[in-house]
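Please look over the sequence and the model below before reading on.

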Amino acid sequence: MMHFSCDICGKDMTQDGAERYVLKMEAFAAATALTDDDLETDHVEEMARMLNDLEDGDEPPQPLPTCKKMRFDLCPNCFRKFVHDPLGRENAAKFDFSPN
Ligand SMILES: [Zn+2]
């Protein structure tokens with residue numbers, strides 16, 4: 001059985017009927033001419049390696065990838081927040097943690 005949890009708040013969404021939203025993001029250097037082959041490249045391994053590096057700390061910064069595709073599972077609550085403020089600019093501007 002697949003296990004799903006919200007990548008932002010960690011809410012468990014495994015149970016049947018749980019609302020779940022999939023967020024796909026793709027970022028790439030605008031000057032780079034990408035071929036279909038580049039876009040098909042699987043970056044999951046690379047991402048896992050980067051996450052490991054982050055956890056280890058003290059690693060030298062890696063060169064920026066020219067293309068980055070990411071996939072996240074979001075609960076309805078986090079999805080709503082995301083579409084309202086995709087880049088987190090509101091949180092960056094003011095730290096307002098009012099309970100809701
Ligand atoms: Zn969530």
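Which side chain does a polar contact of 3.0 Å join to that of His-3? The side chain is that of Thr-14, where a polar contact is a pair of N or O atoms within 3.5 Å, one able to donate a hydrogen and the other to accept it, and residues adjacent in sequence count only if both atoms are side-chain atoms. The model is predicted, with local features needing pLDDT of at least 70 and side-chain atom pairs pLDDT 80 or more, while totals for chains, interfaces and linings use all residues. Residues are numbered from 1 along each chain as its sequence is written, and side-chain values use heavy atoms, leaving out hydrogens and water.

**Thr-14**
- Thr-14, in the segment before β1 (21–28), also has a polar contact of 3.0 Å between its side chain and that of Asp-12.
- Thr-14 counts as buried because its relative accessibility is 15%, buried being under 20%, exposed over 50% and partly exposed in between (1.4 Å probe, protein chains only).

**Zinc site**
- The SG atoms of Cys-6, Cys-9, Cys-75 and Cys-78 are the protein donors of the zinc ion, at 2.2 to 2.3 Å, donors being N, O and S atoms within 2.8 Å of the metal (3.2 Å for Na, K and Ca).
- Cys-6 is buried at 3% relative accessibility, whereas Cys-9 is partly exposed at 48%.

**Helix α3**
- Pro-76, Cys-78 and Phe-82 are the buried residues in helix α3 (residues 76–84), helices being DSSP runs (H or I) of at least four residues and strands (E) of at least two, numbered from the N terminus.
- The face turned away from the buried side of α3 carries the exposed residues Arg-80 and His-84.
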